[in-house]
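This briefing is for a reader who is new to the structure shown below.

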Amino acid sequence: MFSLMANCCSWLKRRQEPVRKVTLVMVGLDNAGKTATAKGIQGEYPEDVAPTVGFSKIDLRQGKFEVTIFDLGGGKRIRGIWKNYYAESYGVIFVVDSSDEERMEETKETMSEVLRHPRISGKPILVLANKQDKEGALGEADVIECLSLEKMVNEHKCLCQIEPCSAVLGSGKKIDKSIKKGLYWLLHIIARDFDALNERIQKDTTEQRALEEQEKRERAERVRKLREEREQREREQVEPQCI
């Protein structure tokens, strides 16, 4: 009887837990397989995926979490927008093309730049060593070594999990189990530290909105001054003709 009541109380407690809204950013170099991974998580087939231009967004329900994942384009010209999403992010999914050894140094530099950003440092990161289905793909230990991953995450105080995977193996319930395992780990860490992360995110997003508003006002002021200067020049050109 006691065991039955304990189970009922545990079930009731889980039922009463609030749904938590969590935002994640998915980043990595172009052609790493980010969009295929995102589509697989969402339950879509990841075949014939076009490169992401800018960003795409997916929403899904995972247990007591309502998760929004921003899949951010990985081309050099678009990486500058990544920082715009850091403030609201509870964690990072960094997708690595483990079959492209030639770009590992670029991957390392890009990951380091992400983790040292003040709005990312200290947040959990899931590293997906993607394309394990490719011949010659680096294994987990080799990816860790090439990226100096242990040193990097320790330096920036980011809890980290690496999962070798293949985003094209399946989708939905048939998605690569390593991706599901990694996502479960990331959400577990976020749930454990939710209050602290949430407080930090509220602070960061408030500061970012204030900064964006200030930049907006400054742009408007610059436009106003340029317009006034142009109108003044036009008046000066017309006035001598009226004499």
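T35 sits in helix 2, which covers residues 34-42. The model is a predicted one. The structure holds 13 salt bridges, and D30, R79, R103 and E106 are linked in a network of them.

**Recorded site**
- An unreviewed UniProt entry lists T35 and T52 under "binding site".
- T35 has a relative accessible area of 14%, so T35 is buried.

**D30 and its surroundings**
- D30 is found in the loop between strand 1 (20-27) and helix 2.
- With a relative accessible area of 32%, D30 is partly exposed.
- Leaving aside residues up to four places away in sequence, D30 touches G74, G75, R79 and R103.
- D30 and V95 are 65 residues apart in sequence, and their C-alpha atoms are 9.7 Å apart in space.

- Side chains of opposite charge can pair when their charged atoms come close.
- R103 and D30 form a salt bridge through their side chains, at 2.9 Å from N to O.
- This pair ties together parts that are 73 residues apart in sequence, because R103 lies in the loop between strand 4 and helix 3 while D30 lies in the loop between strand 1 and helix 2.
- The side chains of D30 and R103 are also joined by a polar contact of 2.9 Å.
- R103 has a relative accessible area of 22% and is therefore partly exposed.
- R79 and E106 form another salt bridge, at 2.9 Å from N to O.
- Here R79 lies in the loop between strand 3 (65-72) and strand 4, and E106 in helix 3, so the pair ties together parts that are 27 residues apart in sequence.
- R79 is buried, at a relative accessible area of 15%.
- The side chains of D59 and K57 meet in a salt bridge of 4.0 Å, N to O.
- D59 counts as partly exposed at 45% relative accessibility, and K57 counts as partly exposed at 47%.

**Helix 3**
- Helix 3 has twelve residues (104-115), which should span 16 Å at 1.5 Å a residue; the end C-alpha atoms are 16 Å apart, which agrees.
- The buried residues of helix 3 are M104, E106, T107, T110, M111, S112, V114 and L115.
- What covers these buried residues includes strand 4 (91-97), strand 5 (125-130), helix 4 (140-147) and helix 5 (149-155).

Definitions and conventions:
Residues numbered from 1 in each chain as written. Predicted model: local features only at pLDDT ≥ 70, side-chain atom pairs only at ≥ 80, totals over all residues. Heavy atoms only, no water. UniProt positions renumbered as here; feature names shortened; annotations may be inferred. Helix = DSSP H or I, 4+ residues; strand = E, 2+ residues; numbered from the N terminus. Buried < 20%, exposed > 50% of the residue type's maximum accessible area, 1.4 Å probe, protein only. Contact = heavy atoms within 4.5 Å. Polar contact = N/O pair within 3.5 Å; in protein donor to acceptor, adjacent residues only side chain to side chain. Expected span 1.5 Å × (residues − 1).
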